[in-house]
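This report walks through one protein model, from its sheet to its aromatic pairs. Please keep the structure in view while reading.

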Amino acid sequence: MFRDVSSCNTYNYGDALYWDSRYIQEAGGAFDWYQRYSSLRPFVRRYVPTSSRVLMVGCGNALMSEDMAKDGYEDIMNIDISSVAIDMMRRKYEFVPQLKYMQMDVRDMSFFPDESFDSVMDKGTLDSLMCGTDAPISASRMLGEVSRLLKPGGTYMLITYGDPSARMPHLNRPVYGWNIFLYNLPRPDFKRPGGCSSTKSYLEPIPITEKGLLPADFVLEDPDSHFIYVCKKMDDTELRNMPTYPLTSEIL
């Protein structure tokens, strides 16, 4: 469980100063990491009722929350480590009551009481911490906070470039009490060779092995595709029957 050096550059994506500088340069702009809401909507609507109290971590200047509000979501709390981003978004959505904004570090969300949210949405925030210094510690702190804030039956939806070999050791810890469903989506601009169409249904979860890995016969149509981990917080009865994936050297 190391820092994702293969997918990181020289920037420290876990540093507020980096993001403040970036959002100053992008003043007035908007950027959605990985996927737009239109592509994610089938998964969000399946697992997150519109009446849910939603926490959007690392909201940045993305349109994701705005699109969800337009789609009927009633209560979305957006947080980001960058005060520049939060000030900008707070002004932008001043008259949209469904959207609220607070400056906050995902590694310490003690402002919120336990079991405050029905859903936590994460589009690239865990990935950013995995590119920062002390990546495993930062990831553990963030995920512990996410688990604490989720109500039983609630979901943490992670959209990431990280495949199960890199993410399941972090996500599948008994202390979190999550039942995890895995999906895979090609990049929005992905073109299949020869313009052929796919018969694969991206709305069906991918079965994972006992070690928490992709099946040996699973083929990624897009090698740079994105993974969606839907982590449902189990109640006491479900926890007693929870499977675990051993943290062996093969997946660390």
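How many bridges join β4 to β5, and do these strands run parallel or antiparallel? The two run parallel, and 6 bridges join them. Note that this is a predicted model.

## The sheet

β4 and β5 belong to an open sheet of 7 strands. The order is β3-β2-β1-β4-β5-β7-β6, and the pairing is mixed. β3 (99-103) and β6 are the edge strands, each pairing on one side only. Direction ignored, neighbouring strands are turned by 20° against each other on average.

Helix α2 touches β4, β5, β6 and β7, and its direction makes about 160° with that of β6. Helix α6 touches β1 (53-57), β4, β5, β6 and β7. The direction of α6 makes about 140° with that of β5.

## The buried side of α2

Helix α2 spans residues 37-47. Its residues Tyr37, Leu40, Phe43 and Val44 are buried. These four lie on the same side of α2, because they cover an arc of only 125° around the axis. An α-helix has 3.6 residues a turn, so residues three or four places apart point the same way.

What covers the buried residues of α2? The cover includes α3 (64-70), β4 (117-123), β5 (150-160), β6 (178-185) and β7 (226-233).

## Nonpolar cores

The largest nonpolar core has 32 residues. Leu55, Tyr156 and Trp178 touch the most other members. Helix α6 (residues 135-149) gives the largest share of this core, 6 residues. Another core, of 28 residues, lies apart from it; Met56, Met89, Tyr101 and Met157 are among its members.

Leaving aside neighbours within four places in sequence, its contacts include Met77, Ile79, Met109, Phe112 and Leu149.

## Aromatic pairs

The whole structure holds 11 aromatic pairs. In one of them, Trp33 and Tyr34, the ring centres are 6.1 Å apart and the planes stand at 75°, so the pair is edge-to-face. Trp33 is partly exposed, with a relative accessible area of 26%.

Tyr47 and Tyr183 also pair edge-to-face, because their planes stand at 65°, with ring centres 6.3 Å apart. Tyr47 lies in α2 and Tyr183 in β6, so this pair ties together parts that are 136 residues apart in sequence. Tyr47 is partly exposed at 21% relative accessibility, whereas Tyr183 is buried at 0%.

How values were computed. Residues numbered from 1 in each chain as written. Predicted model: local features only at pLDDT ≥ 70, side-chain atom pairs only at ≥ 80, totals over all residues. Heavy atoms only, no water. Core = buried A, V, L, I, M, F, W, Y, C linked by side-chain atoms within 4.5 Å. Buried < 20%, exposed > 50% of the residue type's maximum accessible area, 1.4 Å probe, protein only. Contact = heavy atoms within 4.5 Å. Arc of directions from axis to C-beta. Pairing = 2+ DSSP bridges. Axes fitted to C-alpha atoms, helices over the stretch in contact; angles between N-to-C directions. Phe/Tyr/Trp six-rings, centres within 6.5 Å; stacked < 30°, edge-to-face > 60°.
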